Amino acid sequence: MFSSPLVLQIPSSMQMTDEQFFDFCQMNRDLRIERNKFGEISIMPPTGGTTGNRGGNIFGQLWVWSEQDSTGITFDSSTGFKLSTGANRSPDASWIKLERWNSLSPKQQEKFVPICPDFVVELKSPSDNLQTLKEKMEEYMNEPGIQLGWLIDRKQRKVYIYRPGLPEECLDNPASLSGESVLPGFILNMSKIW
């Protein structure tokens, strides 16, 4: 098994359509696959047990809050989103306002969701490159609809907070994270993440 993403560069004459890429991902559903705006395909290694547990905890806390709040819906790391740049991304956890979700057709909801979530979380695993993840977070921040993003680096106990049009903010070893006005009342307990 490989320890860092395997990047496949596809000649422009062989680029897949959105439908073909969706079918490709369905045929290889055991793989975590993303596509950047240049059409390069990244196949990410599965996470280890600790990272998987912490990612599940992030999603679990977000899901519990979302069920109580009822203004939006959550998505886990296996959900693909089609960004305006043509990239297909799968954040580790995400949330979309209900009215944005409901504006999509049932067909759009079944395929890779053709909008960027309002809120995204990326959890750095040991095989991830921090700079690559920061670039992915910047990519999200340039998308319509995005309002807040967190990049969590467990090893360094740092959280990078992203907001559209604002510089990245870095928190050292926070005890909790606030969903601010984007996710009112959502507090992520970091003791379950570190």
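Q: Which residue does arginine 35 form a salt bridge with?
A: In this predicted model, arginine 35 forms a salt bridge with aspartate 18, and the closest N and O atoms are 3.2 Å apart. Arginine 35 is in strand 2 (residues 32-35) and aspartate 18 is in helix 1 (residues 18-27), so the pair ties together parts 17 residues apart in sequence.

Q: Is arginine 35 buried or exposed?
A: Arginine 35 is buried, at 4% relative accessibility. Aspartate 18 is partly exposed, at 44%.

Q: How many salt bridges does the structure hold?
A: The structure holds 13.

Q: What does glutamate 34 pair with?
A: One partner of glutamate 34 is arginine 89, with the closest N and O atoms 3.1 Å apart. Glutamate 34 also forms a salt bridge with lysine 136, at 2.8 Å. Lysine 136 lies in helix 5 (residues 130-141) and glutamate 34 in strand 2, so this pair ties together parts 102 residues apart in sequence.

Q: And which residues are in the network with Glu34?
A: Salt bridges link Glu34, Arg89, Glu122, Lys136 and Glu139 in a network. Glutamate 34 is buried at 2% relative accessible area, and arginine 89 is buried at 12%.

Q: Switching to the backbone: what is the phi of asparagine 173?
A: Asparagine 173 has a positive phi of about 50°, though it is not a glycine. Asparagine 173 sits in the loop between strand 11 (169-172) and strand 12 (176-178), and is partly exposed at 43% relative accessible area.

Q: Where is glutamate 180?
A: Glutamate 180 is in the loop between strand 12 and strand 13 (187-189). Glutamate 180 has a positive phi of about 55° and is not a glycine.

Conventions
Residues are numbered from 1 along each chain as its sequence is written. This is a predicted model: local features need pLDDT of at least 70, side-chain atom pairs count only at pLDDT 80 or more; totals for chains, interfaces and linings use all residues. Side-chain values use heavy atoms; hydrogens and water are left out. Helices (H or I, at least four residues) and strands (E, at least two) are DSSP runs, numbered from the N terminus. Buried means under 20% relative accessible area, exposed over 50%, partly exposed in between (1.4 Å probe, protein chains only). A salt bridge is a side-chain nitrogen of Lys or Arg within 4 Å of a carboxyl oxygen of Asp or Glu.
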